[in-house]
Amino acid sequence: MWNPLSWVMEAAAVMAIVLANGGGEGPDWQDFVGIIGLLIINSTISFIEENNAGNAAAALMARLAPKTKVLRYGQWQETDAAILVPGDIISIKLRDIIPADVRLLEGDPLKIDQASALLDSDKSQLNN
């Protein structure tokens, strides 16, 4: 409830209580209750939407977290790229994101799009 629309509605609720309708009448309780009800509904909807957006962002980040196939203890296993160490042997295939600085041990020449690493549109070819 920290936005200009909420501030205006809060001010209107306060004015409905503080200011009389004139002619000796008391505060306008119906308007006050209606405005407070709208504020509560608005804050509930905002909370639900922010929670859903946070869950969606977390799911997207989990999906984008790079994983790789690494040869450890004589077996291929899929693991987070963040825990790779020098000397690990990884397997890459077409369209994989290369998770670290690697040295090509065997295979065909590669074309690598380094734009994401260099933050520009430079594309280069690495020949084995």
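**Exercise 1.** Which residues in α1 meet which residues in α2?

*Solution.* Start with the ground rules: this is a predicted model, where local features need pLDDT of at least 70, side-chain atom pairs count only at pLDDT 80 or more, and totals for chains, interfaces and linings use all residues. Residues are numbered from 1 along each chain as its sequence is written, and side-chain values use heavy atoms, with hydrogens and water left out.

Next, locate the two helices (DSSP runs of H or I, at least four residues; strands are runs of E, at least two, and both are numbered from the N terminus). Helix α1 covers residues 4–18 and helix α2 residues 29–64. Now list the contacts (heavy atoms within 4.5 Å). From α1 come Ser6, Met9, Glu10, Ala12, Ala13, Ala16 and Ile17; from α2 come Trp29, Asp31, Phe32, Ile35, Ile36, Leu38, Leu39 and Asn42.

**Exercise 2.** At what angle do helix α1 and helix α2 pack?

*Solution.* The angle is about 160°, and the axes lie 8 Å apart. So α1 is roughly antiparallel to α2 (the term applies to angles over 145 degrees).

**Exercise 3.** How many salt bridges does the structure hold, and which parts do they tie together?

*Solution.* Look for a side-chain nitrogen of Lys or Arg within 4 Å of a carboxyl oxygen of Asp or Glu. The structure holds 2 such salt bridges.

- Asp80 pairs with Lys67, their closest N and O atoms being 2.6 Å apart. Asp80 sits in strand β2 and Lys67 in strand β1 (residues 67–72), so this bridge ties together parts 13 residues apart in sequence.
- Asp88 pairs with Arg72 at 2.5 Å, N to O. Asp88 is in the loop between β2 and β3 (89–91) and Arg72 in strand β1, so the linked parts are 16 residues apart in sequence.

**Exercise 4.** Is Thr68 buried or exposed?

*Solution.* Buried means under 20% relative accessible area, exposed over 50%, and partly exposed in between (1.4 Å probe, protein chains only). Thr68, in strand β1, has 6% relative accessibility, so Thr68 counts as buried. Leaving out residues up to four places away in sequence, its contacts include Gln77, Thr79, Leu84, Ile90 and Pro99.

Terms used: Axes are lines fitted to C-alpha atoms, for helices over the stretch in contact, and angles run from 0 to 180 degrees between N-to-C directions. Angles under 35 degrees count as roughly parallel, over 145 as roughly antiparallel, 65 to 115 as roughly perpendicular and the rest as oblique.
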